[in-house]
Amino acid sequence: MQPPSPASTVTAAAPREARYSPAPAWWEMRASEPGVPLAHYLFVLRRYFWKMFAFVVTTTLLALIICYRLTPIYESTATVDIDRSAPPGVLGTEALQPAIQDAEQYLATQVDLIQSDSVLRPVVLQFRLFEREGEIADTGREGFDPSAPIRLKRLKVRRPPNTYLLKISYRSPDRRLAADVANAIAQSYLEHTYKIRYEAAAGLARFMERQIEELRAKMERSGDALARFEKELSIINPEERTNILSARLLELNTEFTRAQADRVAKEAAWRALATASTEAAHTASQREALERLTADLNAAEQQFAEVKAHYGPNHPDYRLAAAKVAEVRRQLESMTRSIAARAEIEYRTGLDRERMLEQELKAAKAELDSLNARSFEYQALKREAEGDKKLYEELLRKIREATINASFQNTGARIADPALPGNKPVFPRKGLSVAVAFLLASLLAAGAAVMADHLDNTVRDPEQIERTMNTHVLGTLPMVKSWKGRLAPAGAANGNNADAGLAGYGEAIRTLRNSILLADFEREIRALLVTSATPGEGKSTTAFFLASAHAEQGHRTLLIDGDLRRPSLHRRLHLPGAQGLVHVLAGELDWREATLAAPGHDCLQVLPAGPASHRAADMVGRRLAQLVEEASREYDLIILDGPPLLGFAEPLQMATAVDGVLIVTRAGDTSRRAVAAVVTTLQRLRARVVGVVLNEVRRQTGDGYYYYGYYRKYPRERLPEEA
């Protein structure tokens, strides 16, 4: 029967593995990793507890030692009360000055003023603070510079909220000096504010004294000019005469207006009578007599009409009535002419009166205009003289007020509570410093532990692998201290050793075997490849003990050493390694002839690798698939101990020839990137990745291994073979 080629093996295996899709790359897994549970952080704190404890204790003790070695600093505080309602003066407007409206800005100004050079310099010179180290700020190597502004490092000026108090605090190793300096600064502040006010008032007084001489000369000149003008007018006060002329002018103007109206009325009446209009004559002053004559004329004419109707012209009554009518008409015409003549006379009289009043009005107006012109000049001179005199008197009063107010020492500030020497140092505060050091050290230690755990890129616990690599952890193998640094001896964990660590390892191996063989896979696993990402992960030890555990159950098991580059199983089992898998793959030997019985195991057969060969990648091929196929008919389980997968080609061909691949990793040492690369590579080849095994697990490696400690606590009965 012709053995199947590797290509045909892969092709035949492909349909049953079609449901397995390639795993994502490690960076994709890392990006899709869900949030880390809180229990993991608690484990991290437990894992680094003693390191954190040592760091916190060391830091706390160091802080306590430093606090005891530091020089104690005392603080004294002087309280200054700012009185907003106190007037800055006792006379004038300063005495009536209202309270400060913008108190916030005013108090901020006073705080800056207390820390100014003008206030601090006298105190520094008085107590010779420049000779004390650390008292004055910004002192270079050259020492104290008298020309530079002074700043005290240990001075603190603050304002308690919602108050008008200023707290002047000073710190010093000398408790008495701290109180004296604080009081001296407060007193220097009061003296400086008084000095500022006094110098400002004195300067204002000096300025006003220079101005008052000019005002005095100007007042004298304006007074002389006013006296000369009054002498020229020969009056003491021209305002009275102006008032008289104004009243007379008003009266003349009224009379002139009335004369004009009367003249116009008389002229209209005269011109109407001049036209011989009878109706106009009725508007004259003698209209009553004229109306009687008109009534007589009408009666005579009516009588004449009646007579005329009865008698002729020659009748005496006719002539008498006609004569009466003529006489009455003559009297009416005569009276009309008389009224017209009188109206003309009245018009001429009114016209003359109007002209006379006009002349008087012009004369009075001219006199008033002349007097007003001189009066304006007089008033200007008088106002100038009075203004100069008033300004002189006001300036003289201001000088006297400024002189008195300058001597009044009231700055609106007073020392409410002088500073006293402190009983307890304010620095260092041992309790607070130690508590802060303990808290900061604890936070720093916890942060460093979490950061170290975050930067740790190794596999540690099953939950982490399942979250990041989309694969299962079938088992975890505890660390056996006696194996550290050397290969595990054959049969060390076969269950006959009473050591709890070895017994726990045996239990873990049997648990791993059951996890592999009892899992619900689509195809029963008859051939299993045990590999790792890098060398030194413990894959050969795991493969051997896994085969031993299966053989102890009475199942025929074949263990094949597939690491053709660095074979190790024959040395561990004390078997000859002159011939083995190398000769079988080369066709020089049948695999049954190279198979050896494992010492101490009835059902375990071992196929050594044979001499090391550098042509391993070329030798592994279809003959290995044929070997596995033939051995599967004779053995219940075939375990192939393969070389590390990364960097070697033959493990890829071995993975396609078996039913499943078991990846061995070392907890806390193997890189997650390497394991993810192995899983990705195997799933890309559609090889069945059974799962991952965590080797050399310790309690401090991860938060999922606590149950291994229970094995040594579990009571075991002493078996006959152990006795």
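Predicted model: local features only at pLDDT ≥ 70, side-chain atom pairs only at ≥ 80, totals over all residues.
A residue is called buried when its relative accessible area is under 20%, exposed when this is over 50%, and partly exposed in between (1.4 Å probe, protein chains only). Residues are numbered from 1 along each chain as its sequence is written, and side-chain values use heavy atoms, with hydrogens and water left out.

Salt bridges were examined at the outset. A salt bridge is a side-chain nitrogen of Lys or Arg within 4 Å of a carboxyl oxygen of Asp or Glu. Side chains of opposite charge can pair when their charged atoms come close. The structure holds 17 salt bridges. One of them joins D641 to K539, with the closest N and O atoms 3.3 Å apart. D641 belongs to strand β10 (residues 637–641) and K539 to helix α16 (residues 539–552), so this pair ties together parts that are 102 residues apart in sequence. Both D641 and K539 are buried. Helices (H or I, at least four residues) and strands (E, at least two) are DSSP runs, numbered from the N terminus.

Another salt bridge links R510 and E507 (2.9 Å, N to O). Both residues lie in helix α15 (residues 500–517), 3 residues apart, or about one turn of the helix. R510 is partly exposed, with a relative accessible area of 22%. E507 is also partly exposed, at 31%. E131 and R128 form a further salt bridge (2.1 Å, N to O). R128 is partly exposed, with a relative accessible area of 43%. A network of salt bridges links E255, R258 and R353.

The strands were considered next. Strands of a sheet pair through backbone hydrogen bonds, either parallel or antiparallel. Two strands count as paired if DSSP finds at least two bridges between them. Strands β1 (residues 74–82) and β3 (residues 165–172) run antiparallel and are joined by 8 bridges. A78 stands opposite I168 in β3.

Strand β5 (residues 473–478) is mostly covered, with 6 of its 6 residues buried. β5 pairs with strand β12 (residues 689–697) in the parallel sense over 4 bridges. V473 has V692 as its bridge partner in β12. T471 sits in the loop between α14 (462–469) and β5. T471 is buried, with a relative accessible area of 7%. Contact means heavy atoms within 4.5 Å. Leaving aside neighbours within four places in sequence, T471 is in contact with I465, E466, V689, G691 and V692.

Helix α14 also meets helix α23 (residues 672–684): their axes come within 11 Å and cross at roughly 55°. Axes are lines fitted to C-alpha atoms, for helices over the stretch in contact, and angles run from 0 to 180 degrees between N-to-C directions. α14 and α23 are therefore oblique to each other. Angles under 35 degrees count as roughly parallel, over 145 as roughly antiparallel, 65 to 115 as roughly perpendicular and the rest as oblique. Q464, T468 and M469 in α14 meet R672, V675, A676 and V679 in α23.
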